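Please read the briefing below alongside the sequence and the coordinates.

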Amino acid sequence: MFLIFPYYNISHLKYSFFFPLHDFLVELIVREREKAQELYTATDRSEQNKHLTKELLASPVIFLRKWMGEGFVSILDFPAVLMIWDQLYMQDWNQKVMENFCLSILMLLKDSLMAANDYPAIREVFLFHGCHLLTADIQRAWIHLQQGGLPADIPGLSRQNHRPLADLSPRLSLMEAGKVSLGFQDILPVGVKDVLLKLVLPVPQVEISHTETWLKEFDPLAVELTVSVFYGLEKLRSKTSSFKPSLLQKTKGKTAKKSETTEFTVQFNETFAFDSLDPPEFINMAEAKPYIVLKVVYKSKGKDSLTLGWQMVDVFQQETTNIRAIWTPKEFSTLVPLHPGKLPYNIMDYTLKHVSKDLVQGHSNIQLTVYDTSKERRRQRNSQMRRKRLQESDFLYVPWIPYNSSTILPSPTSLNCPFDLYIDALHYIPDNATITKVTGQIKNSGLNSLSDIMAFPLPNSSSRNPEFQYLMVLNGDDPKVMDINTCVLLQVYTVDVDSGDLVIIGNSVIRVFNADGKLNVGGFQLRLRGGMPTKEPAALTPSALNQYPVIPCCTILLRLLPHTQLTPEPCSLTVFLQFSVPAPSYLMGYYFSNDAKPNNSELEVISSFQKDNSFPKLVQDMAIHLNDKEQSKVTLDHLEAWYVERLDEKRHSPPEHFPKYINIHHAVRYRQEAGICVKVKQAFGLKAGGYYVNVLARVLKGAASMHLPELPQQWAGEEKFLTSQLDFTSLQRSPRWTDPSVVLHPYLDDHSVLLIQIFGLNAIYVPDPSGQRPGKVISHPGQILELNTQSQLGWTAVPLFDSDYVRSGVHSAPLFQGSPSAEFLQSVISQPVKDVMAEGIKKKTLKLLPTFGSVTLEFWDGHYFEEEHYELPVLNNLLTVANTKKFVDTQANKRGQELSQLVLHSMDKKIRKLGRHSPEYYQQEYFYKEAMGNTFYSLVETVLLNAGYGHL
C-alpha cells in the first residue's frame, strides 16, 4: 500500500515524502523505538535532543496502522466506532471507506496536529484527541469526502475548532519563526449569488476536436459553475453548482472578423456560501491574500469535462481589530469578463497584459453578487421579523380567507328570473375614514324603473369592518328581460377624518350574468378602486376601473342569489332581513375572494389596523366620536338620523362637482414600528466635474420630540445613511443613485426633517497594475485627501411628516451653497421648512446654487414594500421658494459628461477607445467603485465623528 500524507499537515515535523512504507515498517518501528528510549533515558535535554524529538515519528503510518488494525477502538468515542463499523459492513469492507474515515479524522485533528511540535505531543493527538471529536462531525466529514469534497474543507466542519486550542508543545515561539498565526475565522464567511453567465461560442484558446459537431450539439444546461476560495495559491474551499442552470436567451452574431458566434445567457439559481474558511496556520501576510475564482466547465454526458473559462474576483478587504487582523467580505454586484481556457497554475502572476489579450479574443462575461453571509443572515432575520407580522398567528383574526371550492351554491337562474342582491360587509376601511355607507346603481340593464342602492351598516358592528343587512330584489316585476351585460356599480362613502369632507373611499363593479346568460351565483369579495371614468362608457364593465389605484386593504362583500319567495320588511336605517338568507361567516370561505387577496404590504397594514386601539371599536362609537369632533351636540336618540344626514352627498357635496375621493396617501397613519421609507433618486445642477459624489442624509428631530430618547431598536436616535450606488450612465452634473430604500423610524413630529448634504470627492484613482484588484485613491498634488467645506456641493432639508402621516411623494428640494447654519438648523425643527427657506433667501442668509440645482427623493410609509407601494405624487412645493421654472429647466438639461468618463480617464488610452460597453470597462468600473466607495465612506465617517454625530 502506498500512503500519501498531505505535506502541509506535518511540514513543520518533516519534509513531504512518498514511498512504500510497508517495505520498511518493522525497521522503522525498531529504529524509532531505539531513538525514543535514548531520548527518555538522557538526563541532558540538549538542543540536539530537542531536535530529535521533532525527527521522531516523522511518519504517521504507525498510528494509522493502530487506528485501522484496532478498528478505532479506544481511539474514538464508542458511537463513532459503531458508525464506522456499520459503514464498513454495509459497503463490503470497501477500502475507500476506511481511507476516507482515516482522512476525515486526520483533517478534523488538523489544528491539534499543527500545534504539536514533538513526539509526546503528536502521540497524544493521535491516540487521545480522537475521542473528543463529535460523532456527527466525523460523519459529516466522511460524507463530504464520499461526495467528492475537498479534504481542505473538513477542518471547518469540526465544532471543536470553535474552542481555543492549547499549545501542546510551546517550545518554538511563533515570533521566532518570523510568521504570524492568523487563527480560525481570520477569513470571515462569504457568499456568491445571482450568477448570470453570458457565454459566447466558440471559445478561443479551448481545444475542441470536431469543433463544428461540438458547437452543434452544445447543451447550455450542461454548463457547471465552480466557485472556489483561495488564499494565495492554496484552495481553501470549493463548491460546484448542484442544479442545472436556466437558459434565458440564445442569440446568433458575428465577430469583427465576420466569423459566426452563438451567445447563451444562463442563470444559476443557487447560492454558493462559504461559512467556514480555514486559512493556513502559518502564513506571511505580506505575500498572500484571499480571493475567489469562478470556473465555468462544460460537462456533457459521455464526454470529458472541458473548462470554458475562469475569472478571479477580489472580494475581501483587510480590517484590523484590537487583537488581530481579519479578512472581511465586500458586498457588491459586478460584471466581470470571463478569461477563456484553463485556469493558470499561478493565477497571481496573471498580468493585465494577459487579460487584455484574452478579452480581445472572447467577450463572455459573468455577472454576480458577493455578499457577507453573516450580514445576509441578519438581513433575513430582520426580514423574517418584519414578515412575522404577516403570519396568521400574528393577527388578532384572519385577514383573508380563500374561496372554499366545496361550497354548495344554488343553481344559477336565467335572464328573466328575479334575483337578490345582498350587501354584507366592508373589510378594513382606511385610517382616514370614519362613518360609512354603500350606494350603487344597476347599469346596462335595459330597464328604467330600478331604484338606487343605499345601505347603512349595523350600529353594533365593527367600525373597521362594518356589517350590513341589505337586500334588493331585482328583475321581479318588470316584464322586460334584463340585458346580459347588466352590472352593479357600488360606491362606498365616508367622512374624511382630517378634512371633514364627504368623500368616496372607492368604487367596484360586478357583472350580474355570465357569458351564458346565467346568474353569477355566490358571494364575492371585491376590491375598491379610487376613481371613475369622467365620461361613463356606453356599457360599464369591471375593467373600466382597472386604470384607477386600488384602495389598500379595503374590500366589499356582496352576494347574488336566486330570489327567495318571502318579502323583506324595510326599516329606517337598514333593511331588516327577517326572512332573507343570512350572511355566512367569512371564515367559511363562502366568498370568491382570490382577486381580493392582500399583498405583503397590505398584510402589514392590516396587522397595524388590528392592533390599533385608538380607532373607535363600533360603528356607533365612530359616529359619536365624529359627532364630538364636529361639536354637533346630537343626542343618542337622534344619532341615527344624524348619521344618514351626514352621509347625504346631496347636502354635503358641492353641486355640479365630481365627488372627491379619499386621500390614498393617508390610508394608513404613521406608526414608528413600520417607519418611513426613503430613497434618494437624483441631484441636478451640481458643479461636480471630476467628482465622485454621494449623499449623506440624517434625521433632525423636531422640537417636540427633541427630548425623547433613542429606543432600544436604535430607532429615533441619530438616524442617518449614505448613498453608495452611483449610476455611471448619469451625468456628472446630475448624478443618479440606485441604492435601495432605507427605512427610518423617527418619532412622529410635524417638524422633523431629513437633512440632505451632497459631498463630492475630488481625488485621483490609480488603477492597480495587475488589473485584478482595486487600485488606489490619492489626492491631487499639494492637497490632502479629505472632505472639507469645498467638498460640500449642496444641501437642503425636506419635511418628513404631514400631520399624522408620512409626507409621501416624490420630493424635489432646492439646493443651497455652503453648509447649513446653526440658525437654520434651529429654526427648521420648529417652523415649516418652506417658510424658513423663503425667509433665509429673503434675508440672504441662504444662497441657492447659481445653477438652480435641486435634489429628488422619494418618501412613503414603511408599511409598503418598495415594489408594492402606490404611485407617489410629485411634490414641487419647496421649489416655489424661488423661480420654479428655473429649477425645472435645470432638471431637464441633459448636456454634460457622464460619470463613466471618470472611469475611462483612469484607463489606458487603447482600452479607453472601446468605450463603456467593453468588458474591460465593466471590470475597471467595479474596481473604481470599490476603491472610491471605501475611501468616501471612511472620509464621511471621519467627518461625522469629528462633528460628534457618531458612526454611520
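The briefing that follows begins with the chain as a whole and then turns to selected elements.

This is a predicted model, in which local features need pLDDT of at least 70 and side-chain atom pairs count only at pLDDT 80 or more, while totals for chains, interfaces and linings use all residues. Residues are numbered from 1 along each chain as its sequence is written, and side-chain values use heavy atoms, with hydrogens and water left out.

**The chain as a whole**

- The protein chain has 21 helices and 41 strands, where helices (H or I, at least four residues) and strands (E, at least two) are DSSP runs numbered from the N terminus.
- Of the 952 residues of the protein chain, 51% count as buried, with buried meaning under 20% relative accessible area, exposed over 50% and partly exposed in between (1.4 Å probe, protein chains only).
- Among contacts between residues at least 6 apart in sequence, 76% join residues at least 24 apart, a contact being heavy atoms within 4.5 Å.

**Helix H5**

- Helix H5 (residues 95-108) has 14 residues and reaches 20 Å from its first C-alpha to its last, close to the 20 Å expected at 1.5 Å a residue; the expected span is 1.5 Å times one less than the number of residues.
- Because 10 of its 14 residues are buried, H5 is largely enclosed by the rest of the structure.
- The buried residues of H5, including Val97, Phe101, Ile105 and Leu108, pack against helix H3 (61-69), helix H4 (78-90), helix H6 (110-115), helix H7 (119-129) and helix H8 (135-146).
- Asn94 caps the N-terminal end of H5, with a side-chain oxygen 2.7 Å from the backbone nitrogen of Lys96.

**A five-stranded open sheet**

- The strand order of this open sheet is S4-S3-S9-S10-S14, with antiparallel pairing, and two strands pair if DSSP finds at least two bridges between them.
- Strand S4 (234-240) and strand S14 (339-340) stand at the edges with a single partner strand each, so one side of each is left without a neighbour in the sheet.
- Within the sheet, strand S9 (residues 290-298) and strand S10 (residues 306-313) are joined in the antiparallel sense over seven bridges, and Lys295 stands opposite Trp310 in S10.

- S39 pairs with strand S40 (residues 854-861) in the antiparallel sense over six bridges, and Pro814 stands opposite Ser854 in S40.
- S39 also runs parallel to strand S41 (residues 874-875), to which two bridges join it, and here Val810 stands opposite Val874.

**Cavities**

- The structure holds five cavities of 30 Å³ or more, and the largest cavity has a volume of about 70 Å³.
- On a 1 Å grid over the protein atoms alone, a cavity is a set of points where a 1.4 Å probe fits but cannot get out, and lining residues have an atom within 4 Å of a point; grid points are joined across faces, edges and corners, and a volume is the space filled by probe spheres set on the points.
- Among the residues that line the largest cavity are Trp400, His427, Tyr428, Arg527, Cys553 and Glu602, and strand S22 (522-529), strand S23 (550-562) and helix H12 (600-611) each supply at least two residues of its lining.

**Backbone exceptions**

- Most residues other than glycine have a negative phi, and most peptide bonds are trans.
- A cis peptide bond, with omega about 0°, joins Leu201 and Pro202, and Pro202 is found in the loop between strand S2 (190-201) and helix H9 (211-216).
- Lys844 has a positive phi of about 65° although it is not a glycine; Lys844 lies in the loop between H17 and S40 and is exposed, with a relative accessible area of 68%.
- Phe852 is found in the loop between helix H17 (833-843) and S40, and its phi is near 55°, a positive value in a residue other than glycine.
- Phe852 touches Ala882, Asn883, Lys886, Phe887 and Thr890, not counting residues up to four places away in sequence.
- Phe852 and Phe684 are 168 residues apart in sequence and 8.3 Å apart in space, C-alpha to C-alpha.

Conventions. A polar contact is a pair of N or O atoms within 3.5 Å; within protein, one must be able to donate a hydrogen and the other to accept it, and residues adjacent in sequence count only if both atoms are side-chain atoms. On a 1 Å grid over the protein atoms alone, a cavity is a set of points where a 1.4 Å probe fits but cannot get out, and a pocket is an open set with protein on both sides within 12 Å along at least five of seven lines; lining residues have an atom within 4 Å of a point.
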